[in-house]
Amino acid sequence: MENLVFSLNATVPIFLMMVLGMLFKKLGWMDEEFAAKMNKFVFLIPLPVLLFGDLAKVDFKEVWNIRFVIFCFVVTFICITIAALVSCIWKDRSIQGEFIQASYRSSAALLGIAFIQNIYGNAGMAPLMIIGSVPLYNVMAVIVLSFFHPERKAIDKAVWMKTLKGIVTNPIIIGIVAGLIWSACKIPMPAILNKTVTSIGGMSTPMGLMAMGATFDFRKALGKIKPAVTATIMKLIIFVAIFLPIAVKLGFRQEELIAILVMLGSATTVSSFVMAKNMGHEGVLSSSVVMLTTLFSAFTLTGWLYVLKAFQLV
């Protein structure tokens, strides 16, 4: 019972914030345009500031773990490969790119940080997990969506340059790098700056989760139901069932395991829908998987966390 309470305390507040977003939209206090702008604001300012603050105040040698970063990178690459192989079962080749991307691309930054912060009070190992997985998420998304384009086009130099620029100028990556440099140089954090960073970073989780809830649409989740359900099961259950035991066997514990759980089993990021639409795909399958994984991850993440707690791994 104690383990169940621990798991619920970690997951329920996060999804209640999303429910609040849905409620505010229903009451007319938040519309999709406002939610989209709020989501963009969180991505550009509070979230990078939160990551910077958490990393800048810790010992660099204590935080950096190359073994953990490599594990996240390799596992992400294997998940993408598995998703690509499974996508071959669909007769409709136009949905393959969306299926692959939606199956592997997690809300590592927003939901991941919210999840870990709710348990440990800070971002924990999330920044290192983001370093190991998010750049690969973006690069492979461009390759996959271009290669499986409904009207197959070559991946030209312009696409590669845009992808590289997107990674280098990604606010989350900038926040992580700035925090690591600050920590490595052992620059002191003045009290005024510390309070300012803490206040700005504190906005990221509630604002981001409410914005995500306000953009949720149950009707869209019913489009292309078979591939959407398959991608959802892979995203929330299969990848976690395969790789979490391997992580445990390799000796990862506490924040490391939570970060890996988030990387493997959190909801598909809304960015997958945005990227699919911008690269000439229909976007219906992407939006369906985002909706389904966001809805059901409330239950699956609680279940996985309960298992980890029951075995005293977190």
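Student: How many aromatic pairs does the structure hold?
Tutor: Five aromatic pairs. Bear in mind that this is a predicted model.

Student: OK, take phenylalanine 68 and phenylalanine 252. What kind of pair do they form, stacked or edge-to-face?
Tutor: Edge-to-face: phenylalanine 68 and phenylalanine 252 lie 5.7 Å apart, centre to centre, with 75 degrees between their planes.

Student: And where in the chain are those two?
Tutor: In distant parts of the chain, 184 residues apart. Phenylalanine 68 belongs to helix α5, which covers residues 66-86. Phenylalanine 252 is in the loop between α13 (225-249) and α14 (255-265).

Student: Buried or exposed, phenylalanine 68 and phenylalanine 252?
Tutor: Both phenylalanine 68 and phenylalanine 252 are buried. For phenylalanine 252 the relative accessible area is 1%.

Student: Now phenylalanine 71 with phenylalanine 252. Why is that pair tilted?
Tutor: The planes of phenylalanine 71 and phenylalanine 252 are at 50 degrees, so the pair is tilted. Tilted covers what is left between under 30 degrees for stacked and over 60 for edge-to-face. The ring centres of phenylalanine 71 and phenylalanine 252 are 5.1 Å apart.

Student: Where does phenylalanine 71 sit?
Tutor: In helix α5, 181 residues from phenylalanine 252, so this pair too links distant parts of the chain.

Student: Why does phenylalanine 71 count as buried?
Tutor: Because its relative accessibility is 9%, and buried means under 20%.

Student: Which residues do the ring pairs link into a cluster?
Tutor: Phe68, Phe71 and Phe252.

Student: What sits over the ring of phenylalanine 252?
Tutor: The charged end of arginine 67, at 4.7 Å from the ring centre.

Student: What volume does the largest cavity have?
Tutor: About 50 Å³.

Student: Which residues line the largest cavity?
Tutor: Its lining consists of Val75, Thr76, Cys79, Tyr104, Tyr137, Lys235, Phe239, Met263 and Leu264.

Student: How do the lining residues of the largest cavity divide into nonpolar, polar and charged?
Tutor: Seven are nonpolar, one is polar and one is charged.

Student: Which helices each supply at least two residues of that lining?
Tutor: α5, α13 and α14 do.

Student: And where does the largest share of the lining come from?
Tutor: From α5, with three residues. Helix α5 also holds phenylalanine 68 and phenylalanine 71.

Terms used. Residues are numbered from 1 along each chain as its sequence is written. This is a predicted model: local features need pLDDT of at least 70, side-chain atom pairs count only at pLDDT 80 or more; totals for chains, interfaces and linings use all residues. Side-chain values use heavy atoms; hydrogens and water are left out. Rings of Phe, Tyr and Trp (its six-membered ring) pair if their centres lie within 6.5 Å; planes under 30 degrees apart count as stacked, over 60 as edge-to-face and the rest as tilted. Helices (H or I, at least four residues) and strands (E, at least two) are DSSP runs, numbered from the N terminus. Buried means under 20% relative accessible area, exposed over 50%, partly exposed in between (1.4 Å probe, protein chains only). A charge sits over a ring if NZ of Lys or CZ of Arg is within 6 Å of the ring centre and within 35 degrees of the ring normal. On a 1 Å grid over the protein atoms alone, a cavity is a set of points where a 1.4 Å probe fits but cannot get out, and a pocket is an open set with protein on both sides within 12 Å along at least five of seven lines; lining residues have an atom within 4 Å of a point. Grid points are joined across faces, edges and corners, and a volume is the space filled by probe spheres set on the points. Ala, Val, Leu, Ile, Met, Phe, Trp, Tyr, Cys and Pro count as nonpolar, Asp, Glu, Lys and Arg as charged, and the others, Gly among them, as polar.
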